[in-house]
Amino acid sequence: MLNDVTFYYYSPTGGTKKTGNLFCREAAKKTEIINLTPMSGRVKKSESDAPAVIAVPVFGGRVPETAARQLRTVEGRGRTAVTIVVYGNRAYEDALLELNDIAEECGFRVTASGAFIAQHSMVPEVGAGRPDDADAEQIREFARRAVQKIESGDAQPPEVPGNRPYKEGMNMQISPVCTSSCTLCETCEDVCPENAILIRQGAVSTDPALCTLCIACVAACPVKARILPQPLQERTEKMLSPFRQMRRENETFL
Ligand SMILES: Cc1cc2nc3c(=O)[nH]c(=O)nc-3n(C[C@H](O)[C@H](O)[C@H](O)COP(=O)(O)O)c2cc1C
């Protein structure tokens, strides 16, 4: 077990954070946590030389733009890094390769990588209940093997799947909407990482230019009044229907 790790994460609905936490608890006695969501202000600078764990979700087979932008402000300073992408049981496509490229650009030395499954934030019936107990054990096993590799001094970077140039980003100018059951409780405004939601004079408005469709507001709404526009929800459910019954398996690269 390592003494310390620094855990960088972007996790609008909590699946990525959960996976990363399971890893860090198994890998090190102490974890310094650095949240990459923009609403927590400028990315905190770590003074530590401990290995880093960098975890992001997959959006459209890519690293979410916000996570990439925030991560690019981090100085790797030659630190060892373990990279993790978390996806909703469909596919991670170019996301892990892109994450490793960004980490290397920042000056990290990536030594182990993993792609793990969590519940799909847009259609929670896909990958429902994941990470489950079996996933948790695989994440812990990956942590033990990654620590072993780090402690052995083996700096060989892992080969991960994916293509360059990466697939085209999602770039959807569409945002969640509120139904009439909205109580104007302001939870959505509070949790939006992009400050895209404004509640004024009894109405909720969302700036589509700022919204990244990260689903934080939909997941956090206490009365389920925050939803995707019906045509998008239907299209997404149809696209994801083959992945409802299928169980994708976690993959690790060392
Ligand atoms: C806009 C958007 C795009 C997504 N694209 C993919 C994808 O390409 N493949 C996939 O398997 N899951 C996809 N997902 C599901 C997320 O990767 C998954 O739910 C992840 O756990 C979300 O992370 P979080 O819980 O930390 O927010 C997408 C989710 C959102 C909101």
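**Exercises on loops, pockets and a ligand**

Pro-131 sits in the loop that runs between strand E5 (109-117) and helix H4 (133-152). Helices (H or I, at least four residues) and strands (E, at least two) are DSSP runs, numbered from the N terminus. The model is predicted, so local features need pLDDT of at least 70 and side-chain atom pairs count only at pLDDT 80 or more, while totals for chains, interfaces and linings use all residues. Residues are numbered from 1 along each chain as its sequence is written, and side-chain values use heavy atoms, with hydrogens and water left out.

**Exercise A. Backbone geometry**

Find out which peptide bond, cis or trans, leads from Arg-130 into Pro-131, then look at Pro-165 and Gln-201.

*Solution.* Next, the bond from Arg-130 to Pro-131 is cis, with omega near 0 degrees. Arg-164 and Pro-165 are also joined by a cis bond, with omega about -5 degrees; Pro-165 lies in the loop between H4 and strand E6 (177-178). Finally, Gln-201 is not a glycine, yet its phi is positive, about 50 degrees. Look for Gln-201 in the loop between strand E7 (197-200) and strand E8 (203-206).

**Exercise B. The largest pocket**

*Solution.* First, the term: on a 1 Å grid over the protein atoms alone, a pocket is an open set of points where a 1.4 Å probe fits, with protein on both sides within 12 Å along at least five of seven lines; lining residues have an atom within 4 Å of a point. The largest pocket holds about 1,100 Å³, a volume being the space filled by probe spheres set on the points, which are joined across faces, edges and corners. Of its 48 lining residues, His-120, Ser-121, Met-122, Val-123 and Ile-215 are the closest to the centre.

H7 gives the largest share, eight residues.

**Exercise C. The ligand**

Work out which residues are closest to the ligand and how much of the ligand the protein buries.

*Solution.* Begin with the surroundings: 25 residues are near the ligand (a heavy atom within 4 Å). The closest are Ser-11, Thr-13, Gly-15, Thr-16 and Val-58. Then take the polar contacts (pairs of N or O atoms within 3.5 Å). A polar backbone atom of Gly-60 is 2.9 Å from a ligand nitrogen. A backbone N or O atom of Gly-61 lies 3.0 Å from a ligand oxygen, and for Val-86 the distance from such a backbone atom to a ligand oxygen is 3.4 Å. To finish, the ligand taken alone exposes 640 Å², of which the protein buries 98% (Shrake-Rupley method, 1.4 Å probe).

Note on methods. Polar contact = N/O pair within 3.5 Å; in protein donor to acceptor, adjacent residues only side chain to side chain.
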